[in-house]
Amino acid sequence: MCLAVPGKVVSIIGDQPLMKKGRVSFGGVIKEVSLAYVPNVEVGNYVIVHVGFALSILDEEAAQKSLAEFKEIETILHSDSYKS
């Protein structure tokens, strides 16, 4: 199973499509990722990231829905761990 996580592009570095990188925010944690697969991405866009590569651009509504679902899973996992 693969896990890809949505994040918001906060800056873009480089002009050459295959070398383009971006700083992406995952809930405030900033990571540098490759933007080679999403050459049309812009600052402010949400992207799906897997193993350091942005794989696709998401609209904000879909990104927010995914982030809310991750938060719900986190809440469930934390509440279950305290019941043991």
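A nonpolar core is taken here as a set of buried residues of the types Ala, Val, Leu, Ile, Met, Phe, Trp, Tyr and Cys, joined through side-chain atoms within 4.5 Å. The model is predicted, and the largest nonpolar core in it has nine residues: V9, V24, V33, L35, V38, V41, V47, V49 and A54. In soluble globular proteins, nonpolar side chains tend to be buried together.

V49 belongs to this core. Apart from neighbours within four places in sequence, V49 is in contact with L3, A4, V5, F26, V33 and A54.

**Fold and overall dimensions**

The protein contains one helix and five strands. Read from the N terminus, the order of elements is β-β-β-β-β-α. The C-alpha trace spans about 50 × 25 × 25 Å along its principal axes. Among contacts between residues at least 6 apart in sequence, 29% join residues at least 24 apart. Of the 84 residues, 24% count as buried. The accessible surface is about 6,000 Å², and 58% of that area belongs to carbon and sulfur atoms.

L77 counts as exposed because its relative accessible area is 55%, and the cut-off for exposed is over 50%.

**Aromatic pair**

How many aromatic pairs are there? The count comes to one. Y37 and F53 form this pair, which is tilted, with 5.6 Å from centre to centre and 40° between the planes. The pair links distant parts of the chain, as its two residues are 16 residues apart. Y37 sits in the loop between β3 (29-34) and β4 (46-50), while F53 is in strand β5 (residues 53-58).

Y37 is classed as exposed because its relative accessibility is 55%, with the limit for that class set at over 50%. F53, at 34%, counts as partly exposed, because its value falls between the 20% limit for buried and the 50% limit for exposed.

The table gathers the accessibility values.

| Residue | Relative accessible area | Class |
|---|---|---|
| L77 | 55% | exposed |
| Y37 | 55% | exposed |
| F53 | 34% | partly exposed |

Note on methods
Residues are numbered from 1 along each chain as its sequence is written. This is a predicted model: local features need pLDDT of at least 70, side-chain atom pairs count only at pLDDT 80 or more; totals for chains, interfaces and linings use all residues. Side-chain values use heavy atoms; hydrogens and water are left out. Buried means under 20% relative accessible area, exposed over 50%, partly exposed in between (1.4 Å probe, protein chains only). Contact means heavy atoms within 4.5 Å. Rings of Phe, Tyr and Trp (its six-membered ring) pair if their centres lie within 6.5 Å; planes under 30 degrees apart count as stacked, over 60 as edge-to-face and the rest as tilted. Helices (H or I, at least four residues) and strands (E, at least two) are DSSP runs, numbered from the N terminus. Accessible areas come from the Shrake-Rupley method with a 1.4 Å probe; for residues, only the protein chains shown count as cover.
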